Amino acid sequence: MHMIAIASSKGGVGKTTLTANLGGFLALAGYRVLMVDADIQPTLSSYYPFDYHAASGLYDVVTAGTIETAISRTSLPNLDIVISDDPEGRLENWILHTPDGRIRLRRALANVDYDFVLIDTQGAIGPLQDIGVLAGDLLLSPIPPEILSAREFARGTLSMLERLRPMHMLGAPVGPLYGLCYRMDRTVDARLVADTLRQSTFAESRGDISILDTVVPATVAYREAASAQVPVHVWEPHRRAGTAPAGLETMTALVRELLPRVGTASAGGRP
């Protein structure tokens, strides 16, 4: 089982859309996938229709460790989800005041039987973000390729990794982080920022940060697919018949680039 946390210290960068489309792509490719909505804003929880809605969700998974009764089934074959069910924000306070609160999700997910677990994390620093980051064997961070977002990625992500690094003493080491250039347009500035990110060594992170070669293009297809409640690679052929769908190409490239890395991270090593 491979656990990937989609994380960023900045909100609104596309974590939920990336989680939903990566999950849908893997599931329709035949992998058994569990998505976990670890964000107080339950956007991922409503991305796909349900075939079965579980009686509980993330709150019981973290506080009681009961995950069997918290797994809902989406309408996509092989794609299940643990929904976010804490609109009042009680879970953050519980995690904060429980000695092992930040590693409860990691422990609960160790007992599930899936090929991939994808964790959509909160886009704000705090205990709810921490539980998602610490549950992942590998971290994937979408980065809009404009200079302010790139700077925030470098500053905020390094700060997050350094703050959580001591958690390895509790059996929850922070996994290697991969940046994914997201909503890439055709401007010179976007290409320049993407190239600069790839060339950066991020020496301060001790080699834990790398930038993937795959880029996610800026296209309205992702928004249209979300409205239709289907993965983008399923939606695009209907929208652009006779052309090569960018969503299919992007998700295929991303999975091919991630698979060897997530396999190494899941085994406890570093790429």
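**View 1. The buried residues of helix α5.** In this predicted model, the buried residues of α5 are P127, L128, Q129, D130, I131, G132, V133, L134 and A135. Buried means under 20% relative accessible area, exposed over 50%, and partly exposed in between (1.4 Å probe, protein chains only). The helix is thus mostly covered, with 9 of its 9 residues buried. Helices (H or I, at least four residues) and strands (E, at least two) are DSSP runs, numbered from the N terminus. Residues are numbered from 1 along each chain as its sequence is written, and side-chain values use heavy atoms, with hydrogens and water left out. Local features need pLDDT of at least 70 and side-chain atom pairs count only at pLDDT 80 or more, while totals for chains, interfaces and linings use all residues.

**View 2. The largest nonpolar core.** A nonpolar core is a set of buried Ala, Val, Leu, Ile, Met, Phe, Trp, Tyr and Cys residues joined through side-chain atoms within 4.5 Å. The largest one has 39 residues, of which L34, V36, L58, L105, L109, V117 and I119 touch the most other members. Elements giving two or more residues to this core include β1 (2-6), β2 (33-38), β6 (116-121) and α6 (147-164). The most, 5 residues, come from α5. Apart from this core lies another, of 35 residues, among them F116, L140, L180 and V262.

**View 3. The surroundings of L58.** Contact means heavy atoms within 4.5 Å. Not counting residues up to four places away in sequence, L58 touches V36, D37, A38, V82, I83, S84, D85, L91, L105 and L128.

**View 4. Two residues with positive phi.** Most residues other than glycine have a negative phi. N78, although not a glycine, has a positive phi of about 75 degrees; N78 lies in the loop between β4 (72-74) and β5 (79-82). At 36% relative accessibility, N78 counts as partly exposed. Q229, also not a glycine, has a positive phi of about 60 degrees and is placed in the loop between α8 (221-228) and α9 (232-239). Q229 counts as partly exposed, at 29% relative accessibility.

**View 5. Confidence along the chain.** The predictor's confidence in each residue is given as pLDDT, from 0 to 100. The chain has a mean pLDDT of 84, and 83% of its residues reach 70 or more. Among the elements of the chain, β5 has the highest mean pLDDT (98) and helix α7 (residues 188-199) the lowest (67). Over residues 201-206, pLDDT stays under 50, and the model has 11 contacts beyond four places in sequence for them. Where pLDDT is low, the predicted coordinates should not be read in detail.
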